[in-house]
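Subject: A structure to look at, with notes

Hello,

Here is the structure I said I would pass on to you. Please have it open beside this message while you read the notes that follow.

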Amino acid sequence: DAIPFAANSIAYRFHSLVEKHFKTQRSVSFYARHLCITANYLGIICKKQYKMSALEFIQERVLLEAKRLLHSSDRSVKEIAFDLGFRNQSYFSYFFKSKTSLTPREYKDLLENS
């Protein structure tokens, strides 16, 4: 069940776009529009290539950056939330906790005490 080269190329271009825009663009339709395909088709490609939905892929990239910043910067949770394009700290905390079951503060404390 190999992925055709064209789909593979779309997956690669999607990945590159996410790298460039994940701090400001979280909607699947934004990426699909840039790739000149439907959001649905992008979802199919992501499921095949990355074993997750396009939205999950975008969110995973945001989460990775959040963890990196919490781990390696002295910035406050609020500063990190704004840096990652969240409207407010509480939405960032909700997003982070929904993905990790820890608040950003708990995550930072856990890292500092390990």
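Is Cys-36 buried or exposed? Cys-36 is exposed, with a relative accessible area of 71%, where exposed means over 50% relative accessible area, buried means under 20%, and partly exposed lies in between (1.4 Å probe, protein chains only). Cys-46, by contrast, is buried, at a relative accessible area of 0%.

Before going further, please keep in mind that this is a predicted model, in which local features need pLDDT of at least 70 and side-chain atom pairs count only at pLDDT 80 or more, while totals for chains, interfaces and linings use all residues. Residues are numbered from 1 along each chain as its sequence is written, and side-chain values use heavy atoms, with hydrogens and water left out.

The two cysteines bring up the matter of disulfides, a disulfide being a pair of cysteine sulfur atoms within 2.5 Å. The sulfur of Cys-36 has its closest cysteine sulfur in Cys-46, and because 16 Å lies between them, they are too far for a bond. The count of disulfides comes to zero.

As for the chain as a whole, its secondary structure comes to seven helices and zero strands; these are DSSP runs, numbered from the N terminus, with helices (H or I) having at least four residues and strands (E) at least two. Buried residues make up 37% of the 114 residues, and the C-alpha trace spans about 45 × 25 × 20 Å along its principal axes.

Cys-46 belongs to the buried residues of helix α3, together with Leu-42, Gly-43 and Ile-45. They lie on the same side of α3, because they cover an arc of only 165 degrees around the axis, the arc being that of the directions from the helix axis to the C-beta atoms. Helix α3 covers residues 39-50 and reaches 15 Å from its first C-alpha to its last, close to the 16 Å expected, which is 1.5 Å times one less than its number of residues. Just after α3, Lys-51 takes a positive phi of about 60 degrees.

Finally, Phe-57 lies in helix α4, which covers residues 54-72, and at 10% relative accessibility Phe-57 counts as buried. Leaving aside residues up to four places away in sequence, Phe-57 touches Phe-14, His-15, Val-18, Tyr-50 and Met-52, where a contact means heavy atoms within 4.5 Å. Phe-57 and Asn-88 are 31 residues apart in sequence and 22 Å apart in space, C-alpha to C-alpha.

Best wishes
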